[in-house]
Amino acid sequence: QVQLVESGGGLVQAGGSLRLSCAASGRTFSSYAMGWFRQAPGKEREFVAAVNWNGAYTYYTDSVKGRFTISRDNAKNTVYLQMSSLKPEDTAVYSCAARTATDYSGSVYLNGYEYDCWGQGTQVTVFS
(Lines give C-alpha, C1' and ligand atoms only; values in the text may rest on other atoms or scores of the structure.)
Protein backbone atom coordinates (compact mmCIF):
# COMPACT_ATOMS: atom_id res chain seq x y z
CA GLN A 1 0.00 0.00 0.00
CA VAL A 2 1.48 3.30 -1.08
CA GLN A 3 1.17 6.25 1.26
CA LEU A 4 1.67 9.86 0.19
CA VAL A 5 2.51 12.68 2.57
CA GLU A 6 2.55 16.29 1.40
CA SER A 7 4.42 19.12 3.04
CA GLY A 8 5.52 22.65 2.29
CA GLY A 9 2.24 24.49 2.29
CA GLY A 10 1.73 27.72 4.14
CA LEU A 11 0.82 31.38 4.04
CA VAL A 12 2.55 33.52 1.43
CA GLN A 13 2.14 36.96 -0.02
CA ALA A 14 1.10 37.34 -3.63
CA GLY A 15 4.14 37.17 -5.88
CA GLY A 16 5.94 34.83 -3.52
CA SER A 17 7.01 31.23 -3.88
CA LEU A 18 6.50 27.91 -2.17
CA ARG A 19 7.75 24.41 -2.86
CA LEU A 20 5.46 21.53 -2.06
CA SER A 21 6.83 18.06 -1.51
CA CYS A 22 5.07 14.72 -1.67
CA ALA A 23 6.93 11.83 -0.09
CA ALA A 24 5.84 8.33 -1.07
CA SER A 25 6.32 5.05 0.70
CA GLY A 26 6.96 1.88 -1.23
CA ARG A 27 9.70 0.53 -3.43
CA THR A 28 8.00 1.01 -6.79
CA PHE A 29 7.46 4.78 -6.68
CA SER A 30 9.79 5.23 -9.63
CA SER A 31 7.36 3.42 -11.91
CA TYR A 32 4.34 5.60 -11.06
CA ALA A 33 2.96 8.56 -12.90
CA MET A 34 2.26 11.35 -10.41
CA GLY A 35 0.07 14.40 -10.27
CA TRP A 36 -0.84 17.45 -8.23
CA PHE A 37 -4.40 18.62 -7.78
CA ARG A 38 -5.96 21.42 -5.77
CA GLN A 39 -9.32 22.25 -4.28
CA ALA A 40 -10.37 25.72 -3.26
CA PRO A 41 -13.24 26.31 -0.82
CA GLY A 42 -16.57 25.80 -2.50
CA LYS A 43 -15.00 24.58 -5.71
CA GLU A 44 -14.38 21.21 -7.29
CA ARG A 45 -10.96 19.62 -7.27
CA GLU A 46 -8.92 20.63 -10.28
CA PHE A 47 -5.86 19.29 -12.00
CA VAL A 48 -2.67 21.31 -11.57
CA ALA A 49 0.29 19.36 -12.95
CA ALA A 50 1.42 15.87 -13.86
CA VAL A 51 4.70 14.08 -14.47
CA ASN A 52 5.55 10.73 -15.97
CA TRP A 53 7.64 8.05 -14.25
CA ASN A 54 11.07 9.53 -14.94
CA GLY A 55 10.24 13.23 -15.08
CA ALA A 56 10.81 13.51 -18.81
CA TYR A 57 7.24 14.52 -19.55
CA THR A 58 5.14 17.06 -17.70
CA TYR A 59 1.84 18.80 -18.22
CA TYR A 60 0.22 21.81 -16.56
CA THR A 61 -3.16 23.40 -16.41
CA ASP A 62 -3.14 26.68 -18.31
CA SER A 63 -3.51 28.87 -15.23
CA VAL A 64 -0.18 27.74 -13.76
CA LYS A 65 1.95 27.40 -16.89
CA GLY A 66 5.14 29.39 -16.57
CA ARG A 67 4.68 29.75 -12.81
CA PHE A 68 4.65 26.19 -11.45
CA THR A 69 7.10 23.38 -12.07
CA ILE A 70 6.54 19.73 -11.26
CA SER A 71 9.54 17.49 -10.78
CA ARG A 72 10.48 14.26 -9.09
CA ASP A 73 13.43 12.60 -7.43
CA ASN A 74 12.97 8.86 -7.66
CA ALA A 75 15.95 8.22 -5.43
CA LYS A 76 14.09 10.07 -2.68
CA ASN A 77 10.61 8.79 -3.56
CA THR A 78 9.47 12.39 -3.75
CA VAL A 79 7.61 14.58 -6.20
CA TYR A 80 7.76 18.35 -5.96
CA LEU A 81 5.66 21.30 -7.04
CA GLN A 82 7.64 24.53 -7.21
CA MET A 83 5.21 27.42 -7.21
CA SER A 84 6.29 30.94 -8.11
CA SER A 85 4.53 34.24 -8.77
CA LEU A 86 1.71 33.03 -6.57
CA LYS A 87 -1.69 34.67 -6.84
CA PRO A 88 -4.58 34.78 -4.39
CA GLU A 89 -6.52 32.54 -6.75
CA ASP A 90 -3.91 29.82 -6.14
CA THR A 91 -5.24 29.48 -2.60
CA ALA A 92 -6.37 25.88 -2.11
CA VAL A 93 -5.61 22.56 -0.52
CA TYR A 94 -3.01 20.89 -2.71
CA SER A 95 -2.91 17.12 -2.92
CA CYS A 96 -0.56 14.80 -4.69
CA ALA A 97 -1.75 11.65 -6.36
CA ALA A 98 -0.14 8.47 -7.60
CA ARG A 99 -1.20 6.15 -10.36
CA THR A 100 0.11 2.92 -8.86
CA ALA A 101 0.40 0.95 -12.03
CA THR A 102 3.79 0.28 -13.53
CA ASP A 103 4.05 2.69 -16.42
CA TYR A 104 7.36 3.26 -18.14
CA SER A 105 5.84 5.37 -20.88
CA GLY A 106 5.77 9.08 -21.44
CA SER A 107 2.14 9.25 -20.40
CA VAL A 108 0.84 11.83 -17.98
CA TYR A 109 -2.65 11.80 -16.53
CA LEU A 110 -4.92 14.78 -16.09
CA ASN A 111 -8.02 13.34 -14.47
CA GLY A 112 -8.49 12.49 -10.83
CA TYR A 113 -10.11 9.16 -11.61
CA GLU A 114 -6.90 8.04 -13.30
CA TYR A 115 -5.12 8.06 -9.94
CA ASP A 116 -5.70 5.54 -7.19
CA CYS A 117 -3.69 6.86 -4.29
CA TRP A 118 -3.97 10.31 -2.69
CA GLY A 119 -2.25 12.27 0.02
CA GLN A 120 -4.07 14.16 2.72
CA GLY A 121 -3.30 17.55 1.24
CA THR A 122 -1.49 20.68 2.33
CA GLN A 123 -3.00 24.14 2.58
CA VAL A 124 -1.63 26.97 0.47
CA THR A 125 -2.94 30.44 1.23
CA VAL A 126 -1.88 33.43 -0.86
CA PHE A 127 -2.76 36.88 0.42
CA SER A 128 -2.58 40.18 -1.45
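The legends below describe close-up views of a predicted model.

**View 1. The largest nonpolar core of the predicted model has 30 residues.**
Leu4, Met34, Trp36, Leu81, Met83 and Tyr94 touch the most other members of this core. At least two core residues come from each of these strands: S3 (18–24), S4 (33–39), S5 (46–51), S7 (68–73), S8 (78–83), S9 (92–99) and S11 (122–127). Apart from this core there is a second, separate one of seven residues, including Phe37, Ala50, Ala97 and Tyr109.

**View 2. Leu81 is shown with its contacts beyond four places in sequence.**
With neighbours within four places left aside, Leu81 is in contact with Leu18, Arg19 and Leu20, and also with Trp36, Val48 and Ala49. Phe68, Thr69, Ile70 and Tyr94 complete the set of contacts. Among these partners, Trp36 and Tyr94 belong, like Leu81 itself, to the residues that touch the most other members of the largest nonpolar core.

**View 3. Arg38 takes part in salt bridges with Glu46 and with Asp90.**
The side chains of Arg38 and Glu46 meet at 2.6 Å, N to O. For the bridge between Asp90 and Arg38 the N to O distance is 3.0 Å. This second pair links distant parts of the chain, with Asp90 in the loop between S8 and S9 and Arg38 in strand S4, 52 residues apart. Arg38 has a relative accessible area of 5% and is therefore buried. Asp90 is buried as well, because its relative accessible area is 1%. Glu46, at 33% relative accessibility, counts as partly exposed.

**View 4. Lys65 and Asp62 form a salt bridge.**
The N to O distance between the two side chains is 3.0 Å. Lys65 is partly exposed, with a relative accessible area of 44%, whereas Asp62 counts as exposed at 61%. The structure holds four salt bridges. Elsewhere in the model, salt bridges that share partners join Arg38, Glu46, Arg67 and Asp90 into one network. Lys65 also lies over the face of Tyr59, at 5.4 Å from the ring centre.

**View 5. Phe47 and Tyr59 form one of six aromatic pairs in the structure.**
The ring centres of Phe47 and Tyr59 are 6.2 Å apart and the planes stand at 35 degrees, so this pair is tilted. Phe47 lies in strand S5 and Tyr59 in strand S6 (residues 58–60); the pair links distant parts of the chain, twelve residues apart. Phe47 counts as buried because its relative accessibility is 11%. Tyr59 has a relative accessible area of 37% and is therefore partly exposed.

**View 6. Trp53 and Tyr104 form an edge-to-face ring pair.**
The centres of the two rings are 4.8 Å apart and the planes meet at 90 degrees, so the pair of Trp53 and Tyr104 is edge-to-face. Both residues are in loops: Trp53 in the one between S5 and S6, and Tyr104 in the one between S9 and strand S10 (117–118). The pair links distant parts of the chain, 51 residues apart. At 23% relative accessibility Trp53 counts as partly exposed, while Tyr104 is exposed, with a relative accessible area of 53%.

**View 7. Ring pairs link Phe37, Phe47, Tyr59, Tyr115 and Trp118 into a cluster.**
Arg45 lies over the face of Trp118, a member of this cluster. The distance from Arg45 to the ring centre of Trp118 is 4.0 Å.

**View 8. Cys22 and Cys96 form a disulfide.**
A search of the whole structure finds one disulfide. The sulfur atoms of Cys22 and Cys96 are 1.9 Å apart. The torsion about their S-S bond is about 50 degrees, so the disulfide is right-handed. Cys22 is in strand S3 and Cys96 in strand S9, and the pair links distant parts of the chain, 74 residues apart. Both cysteines are buried.

**View 9. Cys117 is in no disulfide.**
For Cys117, the nearest cysteine sulfur is that of Cys96, 7.9 Å away. A disulfide needs the two sulfur atoms within 2.5 Å. Cys117 counts as buried, because its relative accessibility is 9%.

Terms used
Residues are numbered from 1 along each chain as its sequence is written. This is a predicted model: local features need pLDDT of at least 70, side-chain atom pairs count only at pLDDT 80 or more; totals for chains, interfaces and linings use all residues. Side-chain values use heavy atoms; hydrogens and water are left out. A nonpolar core is a set of buried Ala, Val, Leu, Ile, Met, Phe, Trp, Tyr and Cys residues joined through side-chain atoms within 4.5 Å. Buried means under 20% relative accessible area, exposed over 50%, partly exposed in between (1.4 Å probe, protein chains only). Helices (H or I, at least four residues) and strands (E, at least two) are DSSP runs, numbered from the N terminus. Contact means heavy atoms within 4.5 Å. Rings of Phe, Tyr and Trp (its six-membered ring) pair if their centres lie within 6.5 Å; planes under 30 degrees apart count as stacked, over 60 as edge-to-face and the rest as tilted. A charge sits over a ring if NZ of Lys or CZ of Arg is within 6 Å of the ring centre and within 35 degrees of the ring normal.
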